[in-house]
Amino acid sequence: MSLRIDVFSLFPQLVDNFCAESLLGKAQQRDLLDLRTHDIREQTSDVHGTVDDSPFGGGVGMVMKAEPIFDAVEAAAPPRPLLLLSPGGRQFNQTMAYELAATAETSGGFSLLCGRYEGVDHRVRQHLCDGEVSIGDVVLSGGEVGACVIIEAVTRLLDGAMGNATSTVTESFGDSGLLEEPQFTRPAEFRGWVVPDVLRSGDHRRVERWRRAQRLHRTLRERLDLVPGELDLEDQKLLDEFPPVPYS
């Protein structure tokens, strides 16, 4: 099933160019992703393509006007929800990525509105958007970069988008909810640094135990908030059996 994502922006080429490469480009070629970008400026009526104006009450900067945004969205009739990229929105995470991926079956997809300047006329929030989303506690010059983050995170969850379907299960924030364990590849020794013996043992059960232990070690050290309450006895044994692999 194809997932449609509409993006409304003053710089749609930024999104188009990013999404034409790698996994996202292949997803579009396979009709897994139906990406449609819309230039808000095309909806302006004056020759200068004016999309912003000074704020009522004074203040620094300019604010995106309501009219061209409403016109662009209504002309496209995009799938809902329509989410405004905003520092004050719900913080985007893997849980939300799964929710948006599921819209392929419920509403056919979702849409993103990229703000610019000092933001958008508040009536856009009140009467047009279904919610707001943020990629973190940081302010960007526009929502396009955030939109690309969301599109990639959601698209890779679609059936057939990834080369290996289990990749999204075993990686960070996957089924275990923990951070991913360290990974190694050939050569087994590089500049004196050696791959852990357990990974070369051929004992698949022991390898899986080691991986679980390393996920726990890393998450306990770096993201304690992801650990679901008290560890059970088996996990405690794993931590004792396998010491943590050092990081930088």
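S111 is buried, with 0% relative accessibility (buried means under 20% relative accessible area, exposed over 50% and partly exposed in between, with a 1.4 Å probe and protein chains only). This serine belongs to strand 6 (helices are DSSP runs of H or I with at least four residues, strands are runs of E with at least two, and both are numbered from the N terminus). Leaving out residues up to four places away in sequence, S111 touches D6, F8, P78, P79, P81, L82 and L83, where contact means heavy atoms within 4.5 Å.

A word on the background: this is a predicted model, in which local features need pLDDT of at least 70, side-chain atom pairs count only at pLDDT 80 or more, and totals for chains, interfaces and linings use all residues. Residues are numbered from 1 along each chain as its sequence is written, and side-chain values use heavy atoms, with hydrogens and water left out.

Five bridges join strand 1 (residues 3–9) to strand 6 (residues 109–114) in the parallel sense. Here V7 stands opposite L112 of strand 6.

## Nonpolar cores

Now for the cores. The largest nonpolar core has 31 residues, and F92, I150, I151 and V154 touch the most other members (a nonpolar core is a set of buried Ala, Val, Leu, Ile, Met, Phe, Trp, Tyr and Cys residues joined through side-chain atoms within 4.5 Å). Among the elements that give two or more residues to this core are strand 1, helix 1, strand 6 and helix 7 (144–155). The largest share, six residues, comes from helix 7.

Beyond its neighbours within four places in sequence, V154 is in contact with L3, F92, A97, L100, A101 and F110. There is also a second, separate core of 18 residues, which includes A66, A72, L82 and L128. In soluble globular proteins, nonpolar side chains tend to be buried together.

## Backbone details to look for

Most residues other than glycine have a negative phi, and most peptide bonds are trans. S22, in helix 2 (residues 22–29), has a positive phi near 50° and is exposed, with a relative accessible area of 59%. Y117 also has a positive phi, of about 60°. This tyrosine sits in the loop between strand 6 and helix 6 (122–127) and is partly exposed at 39% relative accessibility.

A cis peptide bond joins R80 and P81, with omega of about 15°; P81 is in the loop between helix 3 and strand 5. The bond from R186 to P187 is cis too, with omega near 5°. P187 lies in the loop between helix 8 (167–170) and strand 8 (189–190).

Notes:
Pairing = 2+ DSSP bridges.
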